[in-house]
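Subject: Structure handover

Hi,

Here is the structure I promised to pass on. Please open it alongside this note.

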Amino acid sequence: MKTLSLLARGCALLAGALLTIITLVTCASLIGRNTTGTTLLGDYELTAVSAGAAVALFMPWCQLRRGHIIVDFFTAWVPRRGITWLDRFGALLLGALMLLLSWRTAIGGMSAYDSQTTTMMLGFPEWIVYVAMVPPMLLTGVIALIQAFGGEFQEDKQ
């Protein structure tokens, strides 16, 4: 379980670095646009592809820490044992969904590679974004399935 935790942490750090870089690029583009009238070509495209990859990279850490939003309005009266069962069922559903999304994202990446689709302004190959999203989605699915079937992580005990 320690390996999954380290991988999830690494994904989150990579996502944070990616968002920091894209924030700096966006700031540079905005400063240029508002001071000299020039902008960085494709800044919107860079933001879009980076944000998509960053969201996928943050998901394993969020699942590991059980950080997803839980609305307990209808379950506030349910005993702790029932809540545990609902949490495990939710983790099972999320794990299955993430594995399905991983598979379909991989298929989409192969299709984008075969057709050589690129972004409009920069000509950035779209398949790279798909490739960046598949491993963290798989990791999220594995973490969720382990949690669904009773796996305990160090972070759960804090």
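First, the ground rules. This is a predicted model, in which local features need pLDDT of at least 70 and side-chain atom pairs count only at pLDDT 80 or more, while totals for chains, interfaces and linings use all residues. Residues are numbered from 1 along each chain as its sequence is written, and side-chain values use heavy atoms, with hydrogens and water left out.

Helices here are DSSP runs of H or I with at least four residues, numbered from the N terminus. Axes are lines fitted to C-alpha atoms over the stretch in contact, and angles run from 0 to 180 degrees between N-to-C directions.

Start with H3 (residues 80–115) and H4 (residues 127–148). Their axes come within 7 Å and cross at roughly 160°. H3 is therefore roughly antiparallel to H4. The cut-offs: under 35 degrees is roughly parallel, over 145 roughly antiparallel, 65 to 115 roughly perpendicular, and the rest oblique. H3 passes H4 in a left-handed crossing (the near helix is turned anticlockwise from the far one by less than a right angle). The residues of this contact divide into 19 nonpolar, 8 polar and 1 charged. Nonpolar covers Ala, Val, Leu, Ile, Met, Phe, Trp, Tyr, Cys and Pro; charged covers Asp, Glu, Lys and Arg; the others, Gly among them, are polar.

Next, H2 (residues 43–64). H2 and H4 pack at an angle of about 15°, with axes 8 Å apart. That is why the two count as roughly parallel. The crossing of H2 and H4 is left-handed. On the H2 side, the contact (heavy atoms within 4.5 Å) includes Gly-52, Ala-56, Met-59, Pro-60 and Gln-63. Among the H4 partners are Ala-132, Pro-136, Thr-140 and Gln-147. The contact residues divide into 15 nonpolar, 4 polar and no charged.

Then H1 (residues 2–35). The axes of H1 and H4 come within 11 Å and cross at roughly 140°, so the pair is oblique. H1 passes H4 in a left-handed crossing. H1 supplies Leu-4, Leu-7, Ala-8 and Cys-11; H4 supplies Pro-136, Leu-139, Val-142, Ile-143 and Ile-146. That contact divides into 9 nonpolar residues, no polar and no charged.

Two buried residues

Thr-140 sits in H4. At 1% relative accessibility it is buried (under 20% relative accessible area; exposed is over 50%, partly exposed in between; 1.4 Å probe, protein chains only). Neighbours within four places in sequence aside, Thr-140 contacts Met-59, Pro-60, Gln-63, Leu-94 and Met-98.

Asp-43 lies in H2. Asp-43 is also buried, at 9% relative accessibility. With neighbours within four places in sequence left aside, Asp-43 touches Ser-29 and Arg-33.

Cysteines

How many disulfides does a search of the whole structure find? The count is 0, where a disulfide is a pair of cysteine sulfur atoms within 2.5 Å. Cys-11 is buried, with a relative accessible area of 14%. Cys-62 is partly exposed, at 24%.

Best wishes
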